Amino acid sequence: MSNQPGGEAAAQLDPAADLAAAEAARKAASKEAADTVLQAFGGVRGMIDMTLPGLVFIVTYNLTHQVSTSAWAALGLSALFVVARLARRETIQHAFSGVFGVALGAWISMKSGKAEDFYLPGLLWNVAYSVALAISALVRWPMIGVMLGPITGEMFTWRKENPGRLAAYTKATWAWVLIMGLKPVILFPLYFTHNVNLLGWLKVALGIPPLLLAMYVTWQILLKAPPPIKAQLDDDEEEPAK
């Protein structure tokens, strides 16, 4: 028996305190991993970079009724985003992908002379992206896990060592399939009606909100998932060369 007052009670409380501390650490690790969702998709700035060129196109088209002028205006804005990121020494991954999509849409619309063709590459990309997400979940390589693994430091440990996170990443990926898959379902019929105004404004309206919803759902799923298991580096990577 302990000679200190309350020693036995303190000893009995220690396991409970350790359990509470471990649970708090687990929740903190899960929250930290969940918070990487916004980072993976370029943050709010990345979403703006991808949405504003489409808005500029439809506004310019309504003012000028010129496909080429509208396309060049959207492309110029996308290029400006890349230059601004380079000047600030920020990553240009999302801005550059936006430039590529806008450039392709501008080229197709100027070649065909049809304003609605500016949005065609984006619509096809949405279809391909949704299909790729579904396939990745079916083959147990959920794309959300593939994207977030390197950011959280777990790499691909979730596939074999952390079944709870594999299940969470699979669930999150299916959520993306459902949410992002609604966009082409809504927009493609409008493309074939040649209603450029409705197509353009809806394309802008369906830009950021579904993305935010998909990220929020993913964040909620990962909050409840087991924390990531950090990938172990090789010995030669752990120790700096002498």
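## Basis

The model is predicted: local features need pLDDT of at least 70 and side-chain atom pairs pLDDT 80 or more, while totals for chains, interfaces and linings use all residues. Residues are numbered from 1 along each chain as its sequence is written, and side-chain values use heavy atoms, leaving out hydrogens and water.

## Lys183

Lys183 lies in helix α9 (residues 163-193); helices are DSSP runs of H or I, at least four residues, numbered from the N terminus. With 8% relative accessibility, Lys183 is buried (under 20% relative accessible area, with exposed over 50% and partly exposed in between; 1.4 Å probe, protein chains only).

Leaving aside residues up to four places away in sequence, Lys183 touches Asn126, Leu206, Gly207 and Pro210 (heavy atoms within 4.5 Å). Its side chain reaches the backbone oxygen of Leu206 at 3.3 Å. Leu123 is 60 residues from Lys183 in sequence, with 8.0 Å between their C-alpha atoms.

## Helix α6

Leu123 and Asn126 are among the buried residues of α6. Arg140, with a positive phi near 65°, follows α6.

## Aromatic pairs

The whole structure holds 13 aromatic pairs (Phe, Tyr or six-membered Trp ring centres within 6.5 Å; planes under 30 degrees apart are stacked, over 60 edge-to-face, the rest tilted). Trp125 and Tyr129 are stacked because their ring centres are 5.6 Å apart and their planes at 20°. Trp125 is exposed at 54% relative accessibility, whereas Tyr129 is buried at 14%.

Conventions
Helix = DSSP H or I, 4+ residues; strand = E, 2+ residues; numbered from the N terminus. Polar contact = N/O pair within 3.5 Å; in protein donor to acceptor, adjacent residues only side chain to side chain.
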